[in-house]
Amino acid sequence: MSPTAPPLEARMAELTGRHVPFVKATVVRARRPASARPGDTALVLADGRVEGFVGGACAEATVRVQALRTLRSGESLLLRISPEETADGTGEPVVEEGAVSVANPCLSGGELEIFLEPLRPVPRVVVLGESPIARALAAFGPVLGYEITEAAGADGITPEELAGSQALVIASHGRGEEPVLVSAVRAGVPYIGLVASPRRGAAVLDALPLGAEDRARIHTPAGLWIGARTPGEIAVSILAEVIQAVRGRSVEVEVEVEAPPETPESPGTGSVTAVDPVCGMTVSVVDSTPYSDEGGDERRWFCCAGCRAAYEKDPARYAKADAS
C-alpha cells in the first residue's frame, strides 16, 4: 500500500459500509526465506485487486486465485503455499476440509500459511409500502440476517439504495409502483417483487415502458406458492422467493462490486484464470496480471514478470511444452 493509503482496518470498515465484498487474507505462519511475516494482511477485492501485503508477486498470484474462489463459495480457507511439490506429487492443489495446499515453484524458498476469510455483505432488501405485508417483511427479514430498508414512498428510494440492494419488494397497493419498478430493472436489482393480484400485476407490467425480457424479471404476484393467506404468511413466501433468487446467484452479480480504476484495457474481473506456461501456476486474469502477446495469436498470462521474461526469450520452447 502507498504511504498515503488508509489503514486496512479503515478500508475494511469503508468496504463493509458500502456493501462491497472482499476477502481478508492474513499470514498465520511463515518459514524463511519467505518475505511475508505472521500478521501481514491484505484485502482481495472481487475484481482481483490486492490491497496490503501477504508476500511477493508469486505468492500474491496464488492468494488472489484462492481468495476469489472463497469469495464465491463464502467459506473460509487455510491456504498453504510451498515451492515444493504437493504431497500427491501431481503438482495440482491438494484440497482438504477447510484447507488447500498449493505448490508455487516460483517462490524463492520458504513456506506460507495464509488464512482467507471472505466477507460478503449482508443481503439488503428494500421494501416499499406501509401495508401489513410490508410490516411483516420488515419484522421477518432481520431474523434471516437480511438488512431491511423501509421506504415509505417512491421518493424514499435512492438510486444508491437500489444499486446496492439484492431485492426490492413493492407492497404499496398501487402507490408509486411504476417508476420504482422501472428504476429497479434498470439498476439490475437481482430480485424485484410486486405484491398484487395476477390480474392487477399483469396490468401494471403491460403499462411499463420496458421490453418483454425486462418485464419478465419482475415477480408478480410476489412470492412462492405455499398457500399463504395472512400478511405474515405472504411475507414468508416472498422472503423464500428472495432467498431462492439471491442465494442462487454468484457473488459477481449478487453484490455490488467496487469499480476498479479506469484502465486502457481491462482483461477481466478475477473470474477467469489461465495457466502460466513457464511455471505451470494457475493465475487470475486481472488488470495487474503480467501478459505477453509474443509467440502467436494467443495471449499468455504469467504469475510474475520473471516468468514473462523467460517466455519472451524463447516462446517456441513453451509452445512445444504445451503441445507435448
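Author: Let's go through cores, a surface patch, salt bridges and aromatic pairs in turn. This is a predicted model, so local features need pLDDT of at least 70 and side-chain atom pairs count only at pLDDT 80 or more, while totals for chains, interfaces and linings use all residues. Residues are numbered from 1 along each chain as its sequence is written, and side-chain values use heavy atoms, with hydrogens and water left out.

Reader: Okay, what is a nonpolar core?

Author: It's a set of buried Ala, Val, Leu, Ile, Met, Phe, Trp, Tyr and Cys residues joined through side-chain atoms within 4.5 Å. Buried means under 20% relative accessible area, exposed means over 50%, and partly exposed is in between (1.4 Å probe, protein chains only). Here the largest core has 23 residues, and those touching the most other members are Val 44, Val 54, Val 63, Leu 79, Leu 112, Ile 114 and Leu 116.

Reader: Which helices and strands supply at least two residues of this core?

Author: Helices (H or I, at least four residues) and strands (E, at least two) are DSSP runs, numbered from the N terminus. At least two core residues each come from β1 (22-31), β2 (41-45), α2 (57-73), β4 (77-82), β6 (99-103) and β7 (111-119). The largest share, 5 residues, belongs to α2.

Reader: What is Val 63 in contact with?

Author: Contact means heavy atoms within 4.5 Å. If you leave aside neighbours within four places in sequence, Val 63 is in contact with Ala 25, Val 44, Val 54, Leu 79, Ile 81, Ile 114 and Leu 116. There's also a second, separate core of 21 residues, with Ile 157, Ile 170, Val 180 and Leu 205 among them.

Reader: Now the charged ones. How many salt bridges are there?

Author: Side chains of opposite charge can pair when their charged atoms come close. The rule is a side-chain nitrogen of Lys or Arg within 4 Å of a carboxyl oxygen of Asp or Glu, and the count comes to 13. Take Glu 113 and Arg 29, which meet at 3.6 Å, N to O. This pair links distant parts of the chain, with Glu 113 in strand β7 and Arg 29 in strand β1, 84 residues apart.

Reader: Are those two buried or partly exposed?

Author: One of each! Glu 113 has a relative accessible area of 17%, so it's buried, whereas Arg 29 is at 34% and so counts as partly exposed. Both belong to a network of salt bridges that links Arg 29, Arg 31, Arg 80, Glu 96, Glu 111 and Glu 113. Elsewhere, Arg 49 forms a salt bridge with Asp 47, and their closest N and O atoms are 2.8 Å apart. Asp 47 is buried at 6% relative accessibility, while Arg 49 is partly exposed at 23%.

Reader: And how many aromatic pairs does the structure hold?

Author: Rings of Phe, Tyr and Trp (its six-membered ring) pair if their centres lie within 6.5 Å; planes under 30 degrees apart count as stacked, over 60 as edge-to-face and the rest as tilted. The structure holds 2 such pairs. Tyr 291 and Trp 301 have ring centres 5.1 Å apart and planes at 55°, so that pair is tilted. Phe 302 and Tyr 311 are tilted too, at 5.3 Å centre to centre with 50° between the planes. Phe 302 is buried at 1% relative accessible area, and Tyr 311 is buried at 2%.

Reader: Last one: which residues make the nonpolar surface patch?

Author: Patches are made of residues with over 30% relative accessible area and no salt bridge, with like charges joined within 9 Å and nonpolar side chains (Val, Leu, Ile, Met, Phe, Trp, Tyr) within 5 Å. Accessible areas come from the Shrake-Rupley method with a 1.4 Å probe, and for residues only the protein chains shown count as cover. Here Phe 140, Ile 226 and Val 236 make a patch of about 260 Å². Phe 140 sits in helix α3 (residues 132-140) and is partly exposed, at 34% relative accessibility.
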